Each structure stands twice: as structure tokens, then as C-alpha cells.
Amino acid sequence: MSAPPLLELHDVTVAYHGRPVLWHVDLAVQSPCLFGIIGPNGAGKSTLIKAALGIVPLVEGWVHFWGKPLDQVRGRVGYVPQRESVDWDFPVRAIDVVLMGTYHRLGWLRRVGRAEREFAQACLDRVGMADFATRQIGRLSGGQQQRVFLARALAQQAEIYFLDEPLAGVDAQSQQQIFRVLSELRDEGKLVLIVHHDLRTAASWFDRVALVDMRLVAAGPTADVLSRENLARTYSGHHEVLDELGRAVEAGRRTP
Amino acid sequence: MSLLTAAAHVLGLSPNTFVVTVGMAAVGMAAGVVGCFSVLRRRALVGDAAAHATLPGVAIAFAITGSRGLPVLLLGAALSAVASLGVLVLLRRFTRTREDAATAIVIGVSFGVGVALISGLVARGVPGSGGLERFLLGSTASLSTADATMLVVVSLVAMALVAAFTKEATLVSFDPGFAAAAGWPVWWIDFALVALTAVMVVVGLPAAGAVLVTALVVIPPVAARQWTDRVGVMLVLAGLFGLAASLLGVALSATIPGLATGPMVVLAASAIFTVSLLLAPKRGLLAIAMRARQPLSLPLERAQP
């Protein structure tokens, strides 16, 4: 018998206030890779990963990690929420945010100690933010904030990572640094799933992609999935992206 | 001579005045500490809804038991505060009322019902009902030593809980999505924080009354936030500010005859808030104005390798 997939979504359906936003998604990822989740605004990309992580309830379907329900493997799954989802004026410093990644291992009541602090500092170092450890998070640039979030995910020491738009509104340097760390994680044998909206970069960055528009349009190796027909189906009714779409398909062809 | 009477004697106070003073200090401190998370979680008004909703509970507890004892009346206050929070949750869940509107409705309706009940009892000349009005604006005049001791115990327990669960409360307040994904019971932690706020609002009634007690929960944390970028420091400062506001307010209202305690507590808290708003080192208006005059010396936002 073959090993169960790293991640398997079966018939996942999600509704907000009785209105379905995601229909019958079936998706399985067998091996470590950089996996892009692509689609137009409001397509349910974020909802898809929130459903996988148990943050929003499923109306139907189930999600398995290594063939098990999430509750049995929480410590092996990491998450980077959208940057806009938190209050950056909150009284915490970069290092405090990264330390939150160690809370799951600590459990209730136990406080962070020296080992956690040193580890969190190492995680900040890995994303190039070692010098900003004691800065209040609101006084960092958008790209730096995103790298702090990534460092917190590294501190989770997970094997499967979900990232929600980690490259949106981020300066070029931070983008490079984030992408480098994500590639390293993939090379270490980890599965990295990334919600992404920019078609131009999707073709060159991801090993595999899923196209989502309230349902799963297509999933598989990037070069196969980002076809003109699939993109047209995903973005039908989104005329403003048709121009971009043409360029994206071209870019996809040029990528080896 | 017991330790208590000795301490009261040194300060030149009667033992009862001394215990009541300690009680108000503890309540003010705990309200400030607990209030930090309701401010950080952006739920400042939820405490206000619970506060206004204590009034019907006080009136009903009095009408049923005929007792003027503080424990009975505060128990009634706590039950109706919890009921109002339940209504708030139900309004949000089963109707399309927005959170701010739902909060305003709960504040208005529960306060109206409370005032109607109390004035009804007073109008009918029910013996002892006149004393209920002290729950509106606060009064420490009739507190017994036992009452004040109870307030101290509840306050100490509330502060101990916050100290024990600071890590969890900070995580959920800052990033509930991340906390949920990591397996923390976000709903229950949120519920515990709101419940703790409701408890502090209830035990704060003698200090500031239903209308103004929210000032003890909201103003000290906001003032404390001005001075620090760390949750731990903010908790300590908010506790000290709350303690100072409570003591100052109670002392003022005791010195000037005819003044209710609540307004004095609010004035003291606002004074602390105003100073913090103006003079805090990084976030104070003065510091911001100084920085604006020398824009070139502040490369804070520049991205670095």
C-alpha cells in the first residue's frame, strides 16, 4: 500500500452566512513542492487554506494530513496569515511575534525561556531580520513585517506550511528573501502552499499550482495547468485581468 | 490590636475606611489590568454593555430578595451582565446587526430597563430601594468591611488569572487566525477574557457606578499603551494607573460632600490619560511634534538588508 498523500482535501465545501464560497474541492498533494493557489479576487483562495487549517468550518467534506485529521498533527502544520489580518500597532516587538511560533510546543501556562528566545532569534536571522528583533512591529516596512510573519512560521518547525499572500505589497528585496527561504524549505522536504494572485510571477515560482474560482478549475504541474483555456475558465468575467493573462501565458511558455 | 487596625491607625483612618480604601485600590488595579485585553482585542465597548446591563440585575435581585447586601446585589448584576453578553452574541450570530449597532442596542435597552425598574421601586416606596441609586454613579459610603474584603479577593483572583494566561491572551488578541490554526481554543479564550471584563465591571460598581465603570476598564489601558511597546509593561502600568484613578476619585468624593464617586474616578483617569497622550516619550503628541520639526533625522521606515 502506498503512503497517504501529504495533504488531501475531499469534497471541501465552505459557506459564509449560508452563502457557499467554495464548492466541492478535491485536491491531493503527494510530495514536497512549492504549491501555488491561484485565482481572481474573491475566488475563495484564502478560504481554501483557512478551511484546510480548521479556521473556518466545513459544510461538507474533510481534510487529511498524512492520512490523519488535523487535530492529530497540529504541531506539524504552520501558517502565515494575510498581513492585513492583524493590528500592527499592537504592543509587541518582532521577537515577541516570532516567539508565538513556539507557543504550541510550550502548551498552556509554560512561559518562554532562554532556549525559545535563542531559537526565535535564529529564525529572525534566517529571514534577514536579526537586527530588528526589538523593534515594535508597526515601525517595520511591509516587507519586513511579512518576513517577521515568515520567521514565526519557521519557529513552528512545521512540515507543511500554508502562506496567505506572503508576497503581496512587499518590496523586491523582501520578495527575493521570502522566496529564497520558501525554496529552501521545499529543498528540505517540506510542502509549502502559497496563496498568490500575481499571474506574472506564478509561472516561474511554483512547481505545482491549483487554479481556484469558487471551485477547483485545475491542479497539477505549473506548465500544464497554466494553459490559456484553464486561465480563461478561471478568470471568466474578470475582464480587467485579461491583459495580464495574455502576458502570463507568454511568461509561462518561456520558463524552462 | 490586629495588623489591620494597626495599619489603619498609622494612616489616621478608621479600620473600615482603611479596608474600603484598599478595596477600591484593588478594584481599580484589577480593572486596569483586565481592561488591557479588552482594549487590545478591540472590544472596549463590550465592557460598557455589560456595565449598563448590571442595573436590571441589581433591581431584580433587590425586588426578589429584599436584601440590600452587596453580595446579593452584585450576584444579580453579574447574572444580568452575562445575559446581556449572551444577547450580544445571539444578535451577531442570528441577525445581520453589526457589532457596533448590537452593542449600542444592548447598552440602551438594558440601561433603560434598569432605570425604569429602580425608579419604579423607589416610586412605590419600597423600603431600602433608595439605596439602589448608588449603583448608577457609584458610592463607597455604605461599604462594610466584609464587602470591601470580597472586592479585594475577586480583584486579586482576576489579576492572578491574567498573569497566569498572559501568553495565551496576547496570542489570541494579536492574531486569532494564527492561534486557531495552531490549535488554541480561540473562542473559549475570548469568552474567558470577556467574562473577566464583566466580572471587573461588576465589582467596580461601588467605585464608579454602572454608567462610568467602563472608564476604569478602558482609560488606564489606553493611557498605559502610550508609554510602552510591550504587553507585560502595559499590564503593569494600566494596573498602576487604575489604582491611582480609583484612589484619587474615591478620596475626592469623600472630601467634597455630595459628589458621587464615579465622576471623580473618571476625572482622575482622564487626567492620567491626558498627560500620557501629551507627554509619552515616543507616542506622545509632544514627541511627535518634535520629530515632525526635524524630518531628516528619522530613517525609521527605510528597508534594510
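Over the face of which residue does Arg152(A) lie at 3.6 Å from the ring centre? Arg152(A) lies over the face of Phe178(B).

The model is predicted, with local features requiring pLDDT of at least 70, side-chain atom pairs counted only at pLDDT 80 or more, and totals for chains, interfaces and linings using all residues. Residues are numbered from 1 along each chain as its sequence is written, chains are lettered from A and ligands numbered from 1 in the order in which they are written, and side-chain values use heavy atoms, without hydrogens and water.

**View 1. Arg152(A) over two rings.** Arg152(A) is placed over the face of Phe178(B), at 3.6 Å from the ring centre, and over the face of Phe149(A), at 4.4 Å from the ring centre. A charge sits over a ring if NZ of Lys or CZ of Arg is within 6 Å of the ring centre and within 35 degrees of the ring normal.

View 2. Rings of Phe, Tyr and Trp (its six-membered ring) pair if their centres lie within 6.5 Å; planes under 30 degrees apart count as stacked, over 60 as edge-to-face and the rest as tilted. The structure holds 10 aromatic pairs over all chains.

**View 3. The pair Phe65(A) and Phe162(A).** The ring centres are 6.2 Å apart and the planes stand at 80°, so this pair is edge-to-face. Phe65(A) belongs to strand E4 (residues 60–65) of chain A and Phe162(A) to strand E6 (residues 160–164) of chain A, 97 residues apart. Helices (H or I, at least four residues) and strands (E, at least two) are DSSP runs, numbered from the N terminus. Both Phe65(A) and Phe162(A) are buried, that is, under 20% relative accessible area with a 1.4 Å probe and protein chains only.

**View 4. Strand E3 (residues 34–38) of chain A.** 5 of the 5 residues of E3(A) are buried, so the strand is largely enclosed by the rest of the structure. Leu34(A), Gly36(A) and Ile38(A) lie on one side, with Phe35(A) and Ile37(A) on the other. E3(A) runs parallel to strand E7 (residues 191–196) of chain A, joined by 5 bridges, and Leu34(A) has Val192(A) as its bridge partner there. With strand E8 (residues 208–212) of chain A, E3(A) pairs in the parallel sense over 4 bridges; two strands pair if DSSP finds at least two bridges between them.

Notes
Buried means under 20% relative accessible area, exposed over 50%, partly exposed in between (1.4 Å probe, protein chains only).
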